[in-house]
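Come along and keep the 3D view open.

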Amino acid sequence: MKKLISSILVLMLMLALVACGGNSAGSEGSEASAEPSVITVGVVQTNANESDWRTANTKSFNEAFTEAGYETKMVFGEGDHAKQISQAQQLIQEEVDYLVVLGLQSAGWEDVAKASMEAGIPFIMADRKLELPEDLYTAMVCSDFEAEGNKAVDWLKSQAIDDCKIVVLGGDTGSSAQLGRSKAIEDGAGANGWDIVFNQNMKGWDETLAKQAVADLIASGKEFNVVYAENDNMARGACDAMDAAGITYGKDGAVTVIAFDANKWALEKVLAGEFNLDVECNPLHGPRIVKLINSLEAGETVEKNAYVDEEMFDCDTITQEIVDARTY
Ligand code: AHR
């Protein structure tokens, strides 16, 4: 009988220890509950295969977020603004910790931004500034596209080309990148008496569309001596069309070529004298957004409107060392 009572007491003691987690288990248990939860970042990206710039941009987010230990939920609008809006709404419903938006269109984001902020989810703009009042977003890390365009305009003015006849190959209509760069060249042409002989936006920043547009323009007999392409891929498309028509371009050619983005392969073309100028638009936003989120997580005050520092590269001054040092 005594044995039975003692074994029941031992069993009760063991059950009691298991219930409160015991010393090591309990401390492990309490340590387990102390594990910080994983930060989930929703990213509303534009198009997966939009341009070499976009590829570098998406890679930058994925690499930086993985290294930071974030869970990334990235979605792609694929040319459809309404789809981006619904994707953002879905990520809010999934209660991501942060919402990072790269808008196909700069307008139409008020309701989503308001919903995000009201849900306690910081709304962050990357790459392209959206048309939002400051109370509807937490912070932005973007390029100043009009400033990029103005750099190109000032450079073109310095070239003192007689009778400038400019072909403008614009990016996605309504994106802040297209709006800013197009405004710069349109204002610059007006101020300097330049003639814009062609001005069309290529859906999706498409290289093939740009090549075809320039080929058609050449076939029509329209004369031009400057190509202002709002990204590297479209500039390459224009050059392919000029090659096919036997039109010279670049440093010693008949047509001056201006491009934007400064992908490494494009800077090789600047070095070779095929592109006259390439204005940088830096895609490496991943580390910038990680720094921003870490500051917010630490309760620090962050810069509301951060514009990325960007350079420009001229065929007369670029060097192989500069090209070799480029990271995208
Ligand atoms: O928003 C940046 C622009 O989008 C880049 O200039 C272009 O290449 C990209 O697709």
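Helices here are DSSP runs of H or I with at least four residues, numbered from the N terminus. I kept in mind that this is a predicted model.

**Entry 1: helix 8**

I started with the length of helix 8, which covers residues 207-219.

Next I asked which residues of helix 8 are buried. I found Ala-210, Ala-213, Val-214, Leu-217 and Ile-218. They sit on the same side of helix 8, because they cover an arc of only 135 degrees around the axis.

On the face turned away from the buried side, I found the exposed residues Thr-208 and Ala-219.

Then I checked the ends. Asp-206 caps the N-terminal end of helix 8, with a side-chain oxygen 2.9 Å from the backbone nitrogen of Thr-208. Just after helix 8, Gly-221 takes a positive phi of about 85 degrees.

I traced an open sheet of six strands in the order 2-1-3-4-5-11, with parallel pairing. Strand 2 (71-76) and strand 11 (305-307) are the edges, each pairing on one side only. Neighbouring strands of this sheet are turned by 15 degrees against each other on average, direction ignored.

Last, I zoomed in on strand 1 (residues 40-45), which six bridges join to strand 2 in parallel. Val-44 has Val-75 of strand 2 as its bridge partner.

Terms used: Residues are numbered from 1 along each chain as its sequence is written. This is a predicted model: local features need pLDDT of at least 70, side-chain atom pairs count only at pLDDT 80 or more; totals for chains, interfaces and linings use all residues. Side-chain values use heavy atoms; hydrogens and water are left out. Helices (H or I, at least four residues) and strands (E, at least two) are DSSP runs, numbered from the N terminus. The expected span of a helix is 1.5 Å times one less than its number of residues. Buried means under 20% relative accessible area, exposed over 50%, partly exposed in between (1.4 Å probe, protein chains only). The arc is that of the directions from the helix axis to the C-beta atoms. A polar contact is a pair of N or O atoms within 3.5 Å; within protein, one must be able to donate a hydrogen and the other to accept it, and residues adjacent in sequence count only if both atoms are side-chain atoms. Two strands pair if DSSP finds at least two bridges between them. Axes are lines fitted to C-alpha atoms, for helices over the stretch in contact, and angles run from 0 to 180 degrees between N-to-C directions.
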